[in-house]
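The entries follow the order in which I looked.

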Amino acid sequence: MAIRFDDVYNEYKEMVFNYVFWRINDYDEAVDLTQEIFIKIYKNLGKFKGESSMKTWVMSIAINHLNDFFRKKKKFNPVYFEENSREDDCDDPGPIEEMDLEDTIKVERALQKLKDWEREILTLYYMEGFQYEEISKLLNIPLGTVKSRLNSAKKSLKKVLTGGVTHGK
Amino acid sequence: MGNEVEVFQRIRKSPPPQLDVKVKRGIRKLKFQRYAGIFSLVFVFAFTLGASLRIFLSLNKEIPQIITVTMRENLKDKIYPGVAPLKVEVEPVSVYSYKVYLNGDVYREGYTSGDIDDSIVINDPVNYVNLEIVDLINGGEKELSWFVYNF
């Protein structure tokens with residue numbers, strides 16, 4: 001059965017837009033980029049073979065498009081995750097609900113202060129509900145790195161919320 | 001994790017309604033570009049085909065045969081009292097149309113396979129005769145002109 005673009009769009013537009021927004025922190029630009037991503041999805045819909053879920057396929061297109069966007073804009077200056085900090089980062093910083101999360105605006109601002117890869121992994125895991133294995137495939141990183149990155153991102157978020165040192169973008 | 005997810009769900013961003021319009025417009029533009037692309041390809045193909053056909057036909061066009069016109073009598077610059085003969089042999093044998101002009105006006109028109117045996121009534125003292133022959137089968141044409149005088 002042929003996949004209808006409208007169905008894909010209606011089901012995943014929120015996911016794509018949310019992901020794009022949290023990676024670039026610009027609402028208007030997020031709209032433009034989401035449009036470009038869905039045009040790309042429209043062009044490539046015939047190539048979808050069902051080897052992964054539609055959700056993962058759509059997200060992989062969004063991730064690649066954003067990586068290209070940052071590369072072109074030369075904005076992309078990721079602070080790569082350092083392998084020697086993995087052990088430390090693997091210490092669970094504790095559940096996020098223990099943090100000061102009552103104020104949504106505060107959380108939003110704290111998230112904006114995180115590094116690109118920290119926001120990305122938190123968005124994929126907590127907001128979009130991807131599993132470790134899926135994130136590992138999407139970001140093309142080992143499963144262990146996914147877990148340690150997630151812990152590290154949570155730690156950073158906690159630090160920002162408790163008034164600690166911030167990374168900046 | 002349940003509560004953590006809830007926290008993040010609260011700060012999820014929803015796209016504005018204009019995203020739907022933008023995406024639809026983008027897809028319409030894409031479709032248009034696709035059709036335009038196909039149309040230009042068809043146009044280029046048709047143009048190339050037409051041009052090739054034209055070149056092929058022009059290269060294969062038969063070379064017109066050389067027509068030889070011989071006057072049976074030398075009529076050039078001769079004096080005739082009122083009537084000048086017109087005896088001409090055209091080679092090779094084919095189907096020709098011919099026109100005789102006398103002082104610029106068409107005097108006679110006709111068809112022949114090789115021989116023209118005719119005469120021209122001349123009234124003026126000086127007459128300019130022009131003969132145009134066209135090969136209707138093989139293509140090619142020949143023209144001949146001369147003066148005859150009437151005294």
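Buried means under 20% relative accessible area, exposed over 50%, and partly exposed in between, with a 1.4 Å probe and protein chains only. By that rule, I found that buried residues make up 31% of the 151 residues in chain B.

I noted the ground rules next. This is a predicted model, in which local features need pLDDT of at least 70 and side-chain atom pairs count only at pLDDT 80 or more, while totals for chains, interfaces and linings use all residues. Residues are numbered from 1 along each chain as its sequence is written, chains are lettered from A and ligands numbered from 1 in the order in which they are written, and side-chain values use heavy atoms, leaving out hydrogens and water.

Entry: chain B overall. I looked up helices (DSSP runs of H or I, at least four residues) and strands (DSSP runs of E, at least two), numbered from the N terminus. Chain B has two helices and eight strands, and along the sequence its pattern reads α-α-β-β-β-β-β-β-β-β.

Entry: the sheets. I counted two strands as paired if DSSP finds at least two bridges between them. One open sheet has three strands in the order β1-β3-β6 of chain B, with antiparallel pairing. Its edge strands, β1 (68-71) and β6 (115-121) of chain B, each pair on one side only. Strand β3 (residues 83-91) of chain B pairs with β6(B) in the antiparallel sense over seven bridges. I checked B:Leu86 and found its bridge partner in β6(B) to be B:Asp118.

I then traced an open sheet of five strands, ordered β2-β8-β7-β4-β5 in chain B, where the pairing is mixed. At its edges are β2 (78-79) and β5 (105-112) of chain B, each pairing on one side only. Strands β4 (residues 96-102) and β7 (residues 126-135) of chain B are antiparallel over seven bridges. B:Ser97 has B:Val134 as its bridge partner in β7(B).

Entry: the helix pair. The axes (lines fitted to C-alpha atoms over the stretch in contact, with angles from 0 to 180 degrees between N-to-C directions) were my starting point. Those of helix α1 (residues 5-24) of chain A and helix α2 (residues 18-59) of chain B come within 12 Å and cross at roughly 145°. Which residues make the contact (heavy atoms within 4.5 Å)? I listed A:Phe5, A:Tyr9 and A:Lys13 from α1(A), and B:Leu19, B:Asp20, B:Val23 and B:Ile27 from α2(B).

Note on methods: Contact means heavy atoms within 4.5 Å.
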